[in-house]
Amino acid sequence: MALYRVGRIISLLCCLLIASSLAAQTVRSAPSLDAEVSVSGQLEAGEVSPTETLESLLERLVAAPSKERGLVFESIAQLDDSRVTRFFELLFEGSLYINRKSQSVVKGKRVGSSIEASDLFSDEALENLRRRDVRRLSVNNQLRLRLLELRAIKVVSLAGPTDKSDTLRQAVETLLASPSAVSIEALRARSSVEQNSEIRERLALAVALSDLESSDAALVEDALAVLARNASPRVRIALEDVSQRADLSDELRSKSASLLRKAESRQRWMERIQAAFFGLSLGSVLLLSAIGLAITFGVMGVINMAHGELIMLGAYTCWVLQQWLPAYPGVALLIAIPAAFLVSGAMGLLIERSVISHLYGRPLETLLATFGISLILQQTVRSVFSPLNRSVVTPDWLLGAWELSPGLSLTYNRLAILAFSLLVFTLLLLLFKRTRLGLEVRAVSQNREMARALGIRSARVDAMTFALGSGVAGIAGVALSQLTNVGPNLGQGYIIDSFLVVVFGGVGNLWGTFNAAFALGVANKLLEPSTGAVLAKITILVALILFLQRKPEGLFPQKGRR
């Protein structure tokens, strides 16, 4: 009897095990209720019930598991609530936390071992929380891009036809950076009502690039008509793809290939124009750095090897003024122009009175003396400001570029330097032509002995001329600070080029310096794309040596009796 009972128990246990195994297999093979809810949530991601508010979605966010928060974030992004933008700004900054005590979302800042909490929208201070009492809200890069896209689509869809705000412009740029099927439809709808010509052109470009991938020949043909005058890299790549598609007619493929050739030709011209602009920009820098050297070299015959360090002093003057006025970089830059002229001019006057005035007529000794002065100035700057490079802040009104067409843009800082160099050159011409100092400088440069015989104090003229040339070098340093970092070796990169400009243009001739600076700058930048930067400089140097062999006086030799 006992054995019979044991057998029944064992058989019953076997039946239970078999039943539980079958039930587990059934559960694994059938979708769970949670899975159905998850799939349904994914299908309805971004859809918001009319009764949903930001407060209710924040409550869902607190209660939702980590894997489902992305759906709640997408729902929040679709809300028509002005506070949503602020919410995502704080989210992307990493300043949002879930308060485990109150089960709410708060704004927080880590301070030591605690969190300074405040209200999400009113910034009202709350009690400090311990780190274990909060959980940080964060998003990965994929979700961040998705949320940015949703917000941009909403902005583009809801903006009025005359809205020219920066928010709309940024939303359009966000969708253009990584267009999707949904964003393209939003851009297409926006292009039909957009009145801003610049934004409408960008929208038309995005829609046309999307239509090129269509199998509809009519859409592809219309897109090719829109892209006919665009030579941007994205357009050229898209045209190349269309020209190789087998599902299109020969006519469309040949038309795409023809547009591709035109776009490449237009792009080459754009590159040449861009190189010419950079050449003019380089020429303006060479003009500013060489014109002061041309004045001192032409009038006094002094080879000033410390000219580059005077440029450096002007750049450091600009940097120091920006440290004194950190909130007003534009004002500091404008003040730095006369300040750099005075600082470098005073240093030049000190060098002339203390050293150079005793070495007139001995060019080799002046060269060695000014070279030693340049080393002293470099080491002094290293001791005072450290040998590290300093960055000068570019004002907002010099940032950005003037885009003439896709692939051709002129940066505002280089345009400003070009205009500034022309202004300085014009003022120097007026100084030499219309003032007594200019008349005396021209007289001394043409015939020093005769000028002294007529009562002109040549020593005073030499001092004022050297100070003037040094002051212009300081102004050049202010301009260079907008293009490169400020450091003790800043002037060394321009001293040799400055001497080349002065010799090529004609010693002491301002017009010669003007033409030589822009000629060398443009020639250098036009050669660089085909030869490289180093070989371009070598080619220009060889050509310049051959030119000076035939015409050692330069382009515009100085007139007068020596």
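What is the relative accessible area of E213? E213 is exposed, at 68%, where exposed denotes over 50% relative accessible area, buried under 20%, and partly exposed the range in between (1.4 Å probe, protein chains only). The legends below describe a predicted model in which local features need pLDDT of at least 70 and side-chain atom pairs count only at pLDDT 80 or more, whereas totals for chains, interfaces and linings use all residues. Residues are numbered from 1 along each chain as its sequence is written, and side-chain values use heavy atoms, with hydrogens and water left out.

**View 1. E213 and a surface patch of negative charge.** E213 belongs to the loop that lies between α9 (197-211) and α10 (217-226). Helices (H or I, at least four residues) and strands (E, at least two) are DSSP runs, numbered from the N terminus. On the surface, E213 gathers with E240, D241 and E264 in a patch of negative charge. Patches consist of residues with over 30% relative accessible area and no salt bridge; like charges are joined within 9 Å, and nonpolar side chains (Val, Leu, Ile, Met, Phe, Trp, Tyr) within 5 Å. Accessible areas come from the Shrake-Rupley method with a 1.4 Å probe, and for residues only the protein chains shown count as cover. Asp and Glu count as negative, Lys and Arg as positive, while His and the chain ends are not counted. Each charge is placed at NZ of Lys, CZ of Arg, CG of Asp or CD of Glu.

View 2. V220, A223 and L224 are the buried residues of α10. Seen down the helix axis, these buried residues fall within an arc of 100°, so they line one face of α10. The arc is that of the directions from the helix axis to the C-beta atoms. D222 and A225, on the other side of α10, are exposed.

View 3. Seven salt bridges are found in a search of the whole structure, a salt bridge being a side-chain nitrogen of Lys or Arg within 4 Å of a carboxyl oxygen of Asp or Glu. One of them pairs R253 with D250, with the closest N and O atoms 2.2 Å apart. Both residues lie in helix α12 (residues 250-300), three residues apart, or about one turn of the helix. An α-helix has 3.6 residues a turn, so residues three or four places apart point the same way. D250 is exposed, with a relative accessible area of 56%, and R253 is partly exposed at 22%.

View 4. E440 and R436 meet through their side chains in a salt bridge of 3.2 Å, N to O. The two residues are four apart in helix α17 (residues 436-446), about one turn of the helix. E440 counts as buried at 10% relative accessibility, whereas R436 is exposed at 65%.

View 5. E352 counts as buried at 0% relative accessibility, while R353 is partly exposed at 43%.

**View 6. A nonpolar surface patch that includes V331.** W324, L325, Y328, V331 and I335 make a nonpolar surface patch of about 530 Å². Among them, V331 is found in helix α14 (residues 329-354) and counts as partly exposed at 41% relative accessibility.

View 7. L96 and Y97 are placed in strand β1, which covers residues 96-99. L96 is buried at 0% relative accessible area, and Y97 counts as buried at 4%. From C-alpha to C-alpha, L96 and V106 are 5.9 Å apart in space and 10 residues apart in sequence. Y97 and K107, also 10 residues apart along the chain, have C-alpha atoms separated by 6.2 Å.

**View 8. P488 and Y316.** P488 lies in the loop between α19 (458-480) and α20 (492-505), and it is buried, with a relative accessible area of 3%. P488 is 172 residues from Y316 in sequence, with their C-alpha atoms 9.0 Å apart in space.

**View 9. The backbone at S386.** S386 is placed in the loop between α15 (363-385) and β6 (401-405). Although not a glycine, S386 has a positive phi of about 80°. Most residues other than glycine have a negative phi.
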